[in-house]
Amino acid sequence: LSDDDLSRLIGATSRTLSSIDLTACPLIGPQFCNAIGEHFSSSIGDVTNCLLELSLEDIPLKKEALLTLGAASDALRNLKSLKLKSIEAVDDEVVEIILNSIDEGSLEGIDLSSNSQLTDEVLSSIRRRGTNLRSLQLSGLRNLSAIALEAFFTPIDDLPSPPMLRKLDLSHCSHDEINDAVVMLAAKAS
């Protein structure tokens, strides 16, 4: 599937398409991101075209394309599930821009597993935007610290309450950072 073909497919199906799931599509690029912005934006006046799920795994998107996906329009405003897994260009800035483009309270599930550039900063972005979050998958994020994880699950003034998760995946993170305090705070928050 080429970038151009996928862009045309999104354009042709956007009135009924609500979920996009792509895994290991090496030819996908910026045209795909632009097509989402163009065809799912509220500015086109069609309230029936609502993207609810976006799942991208092992896709060679560049950072600029990912930033465009989040910043170019409000196409992701109603997203309930976001998966950006094993994408080399995903970093804290990309996640923050994308999360900020989603309406507050809309997002219920996030999977950011196996993105080596993500750090503690991503937890702050998730906490601020994931008020109704029920599923959080951060498997393989080795740059998360115990202090940041503890803060994520601790009630803090001027921040939304910690998410009440039904699913939490911290597998393959640094075993030194996933300690008893983190687990206890996560359980207490839920």
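User: Does S139 count as buried or exposed in this predicted model?
Analyst: The model is predicted. The relative accessibility of S139 is 11%, and a residue is called buried when the value is under 20%. S139 therefore counts as buried.

User: Where is S139 found?
Analyst: Strand 5 covers residues 135–137 and helix 6 covers residues 146–152. S139 lies in the loop between strand 5 and helix 6.

User: Which residues does S139 touch, not counting residues up to four places away in sequence?
Analyst: Residues up to four places away in sequence are left out here. The contacts of S139 are then S113, S114, D169, S171 and H172.

User: Which residues touch the most other members of the largest nonpolar core?
Analyst: The largest nonpolar core has 55 residues. Those touching the most other members are F32, I36, L54 and I126.

User: Which residues of helix 2 are buried, and what covers them?
Analyst: Helix 2 runs over residues 30–39, and its buried residues are F32, C33, A35, I36, G37 and H39. One of these, I36, touches I10, I20, S41, L51, L54, L69, A75 and L76, not counting residues up to four places away in sequence. The cover over the buried residues of helix 2 includes helix 1, strand 1, strand 2 and helix 3.

User: How are helix 1 and helix 2 oriented to each other, and which hand does their crossing have?
Analyst: Two packed helices are described by an angle and a distance between their axes. For helix 1 and helix 2 the angle is about 15° and the axes are 8 Å apart. Angles under 35 degrees count as roughly parallel, so helix 1 and helix 2 are roughly parallel to each other. Their crossing is right-handed.

User: Which residues of helix 1 and helix 2 meet, and how do they divide by class?
Analyst: From helix 1 come D3, D4, L6, S7, I10 and G11, and from helix 2 come P30, Q31, F32, A35, I36 and H39. By class, the residues of this contact are six nonpolar, four polar and two charged.

User: How are helix 4 and helix 5 oriented to each other?
Analyst: The axes of helix 4 (residues 92–100) and helix 5 (residues 121–129) come within 9 Å and cross at roughly 5°. Helix 4 and helix 5 are therefore roughly parallel.

User: How many charged residues does the contact of helix 4 with helix 5 have?
Analyst: D92, V95, E96, L99 and N100 in helix 4 meet E121, V122, S125, I126, R128 and R129 in helix 5. By class, this contact has four nonpolar and two polar residues, and the charged ones number five.

Conventions: Residues are numbered from 1 along each chain as its sequence is written. This is a predicted model: local features need pLDDT of at least 70, side-chain atom pairs count only at pLDDT 80 or more; totals for chains, interfaces and linings use all residues. Side-chain values use heavy atoms; hydrogens and water are left out. A nonpolar core is a set of buried Ala, Val, Leu, Ile, Met, Phe, Trp, Tyr and Cys residues joined through side-chain atoms within 4.5 Å. Buried means under 20% relative accessible area, exposed over 50%, partly exposed in between (1.4 Å probe, protein chains only). Contact means heavy atoms within 4.5 Å. Helices (H or I, at least four residues) and strands (E, at least two) are DSSP runs, numbered from the N terminus. Axes are lines fitted to C-alpha atoms, for helices over the stretch in contact, and angles run from 0 to 180 degrees between N-to-C directions. Angles under 35 degrees count as roughly parallel, over 145 as roughly antiparallel, 65 to 115 as roughly perpendicular and the rest as oblique. A crossing is left-handed if the near helix is turned anticlockwise from the far one by less than a right angle, and right-handed if clockwise. Ala, Val, Leu, Ile, Met, Phe, Trp, Tyr, Cys and Pro count as nonpolar, Asp, Glu, Lys and Arg as charged, and the others, Gly among them, as polar.
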